[in-house]
Amino acid sequence: MCCLFGMIDYGHTLNGKTMARMLSALSAECEARGTDATGIAYADNGRLCIYKKPLPAHKLRFYLPDRAHVIMGHTRMTTQGSEKKNYNNHPFKGFAGKTPFALAHNGVLHNDISLRKTLKHPKTFIETDSYIAVQLLEQQKALSFNSLKYMAEKVEGSFTFTVLDSHENLYIIKGDNPMCLFHFPQLGLYLYASTEEILSKAVKRMWLSFDKPVRIDIACGDILRIDRGGQIDSSGFDTTNLFLSARYSWFYPGHHPVCTSRSAADNADKEYLSELKSVAASFGYTSEDIDGLLQEGFSTDELEELLYCGEL
């Protein structure tokens with residue numbers, strides 16, 4: 001339960017100070033989904049830069065060059081790998097052939113260790129499950145719709161990924177975790193965050209009300225590429241390995257999970273539910289409250305959204 005966020009200033013109407021100020025407002029709202037660490041990535045004249053620290057977003061000061069027009073960010077709630085070891089925090093850096101890229105992940109992957117063994121990936125000191133996505137892309141030696149499709153179909157669990165390359169192409173790989181993308185056509189600007197609630201609150205703090213945003217729909221299984229000129233291209237991937245349909249499917253008669261392994265799905269469900277109950281406790285709700293709502297037919301994704309929107 002982390003938060004992805006970022007912006008694409010394809011109109012080149014904003015300078016570094018303005019973008020940093022907007023980024024501070026956006027990342028601060030994203031603390032609703034994680035305060036253990038914060039990180040951003042951007043390209044500066046072909047050089048990929050990553051800045052991250054084990055601190056909540058409001059304690060960071062962002063400094064962006066005027067040349068940076070695409071920024072990708074992440075606020076973290078730790079699930080695996082201590083945030084105090086900064087290499088465990090997002091975004092992660094990788095190389096697809098000769099192209100450097102940064103990757104951020106919202107979700108939980110459970111087959112990272114088995115993939116690393118099966119595909120003979122090199123051992124890494126990074127303890128975060130998300131890092132397997134970097135290794136899968138590096139294995140393909142290219143950053144493209146095909147390599148992102150390969151990665152998304154190999155991992156098992158829950159996810160939405162963002163990937164930024166040194167040419168300022170931003171990719172959104174939408175799995176079963178939330179993502180909201182706003183377009184401000186008058187400004188030549190895209191803003192995104194993991195939930196619409198977070199994004200809308202941040203927009204109000206940015207004084208962007210004069211340019212009404214257009215929401216860009218992104219469905220589970222979509223891969224979007226937004227280039228530095230604001231052009232959107234899309235592709236997709238097979239969602240079989242996602243647990244979107246597998247979670248608590250017994251509440252819906254006639255519904256069949258997409259996962260081929262019930263035991264694997266059960267383990268992922270238990271991990272996700274345990275994480276959700278832990279978060280709910282910080283909002284004053286008990287495990288029994290969550291169990292009761294699940295029995296009423298709510299999904300874990302719906303409960304997560306309600307918790308962070310303050311509507312539970």
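In strand β10, A193 is the bridge partner of F5. The strands concerned, β1 (residues 3-8) and β10 (residues 189-193), run antiparallel and are joined by four bridges; strands here are DSSP runs (E, at least two residues), as helices are (H or I, at least four), numbered from the N terminus. Two strands pair if DSSP finds at least two bridges between them. The model is a predicted one, in which local features need pLDDT of at least 70 and side-chain atom pairs count only at pLDDT 80 or more, while totals for chains, interfaces and linings use all residues. Residues are numbered from 1 along each chain as its sequence is written, and side-chain values use heavy atoms, with hydrogens and water left out.

The pair β1 and β10 belongs to an open sheet of seven strands, with antiparallel pairing and the order β3-β2-β4-β1-β10-β9-β11. At its edges stand β3 and β11 (214-216), each with a single partner strand, so one side of each has no neighbour in the sheet. On average, neighbouring strands of this sheet are turned by 15° against each other, direction ignored; axes are lines fitted to C-alpha atoms, for helices over the stretch in contact, and angles run from 0 to 180 degrees between N-to-C directions.

Strand β2 (residues 37-44) deserves a look of its own. Eight of its eight residues are buried, so β2 is largely enclosed by the rest of the structure; buried means under 20% relative accessible area, with exposed over 50% and partly exposed in between (1.4 Å probe, protein chains only). From β2, A37, G39, A41 and A43 point one way, and T38, I40, Y42 and D44 the other. With strand β4 (residues 70-76), β2 pairs in the antiparallel sense over six bridges, and I40 stands opposite G73 there. Seven bridges link β2 to strand β3 (residues 47-53), again in the antiparallel sense, and here Y42 stands opposite C49. The hairpin of β2 and β3 has two residues between the strands, and N45 takes a positive phi near 55° in it.

A second open sheet has six strands in the order β5-β6-β7-β8-β12-β13, and its pairing is antiparallel. Its edges are β5 (92-96) and β13 (232-236), each with a single partner strand, so one side of each is left without a neighbour in the sheet. From one strand to the next, the twist averages 25°. Between β5 and strand β6 (residues 99-109) there are five bridges in the antiparallel sense, and A96 has T99 as its bridge partner in β6. Helix α3 lies across β5, β6 and β7 (157-165) and runs at about 15° to β5. Helix α4 also packs on the sheet, where it touches β7, β8 (170-174), β12 (222-226) and β13, and its direction makes about 145° with that of β12; contact means heavy atoms within 4.5 Å.

These two helices also meet each other. Helix α3 (residues 131-140) and helix α4 (residues 145-154) pack at an angle of about 140°, with their axes 9 Å apart. That makes α3 oblique to α4 (angles under 35 degrees count as roughly parallel, over 145 as roughly antiparallel, 65 to 115 as roughly perpendicular and the rest as oblique). In α3, A133, L136, L137, Q139 and Q140 meet S147, L148, Y150, M151 and K154 of α4.
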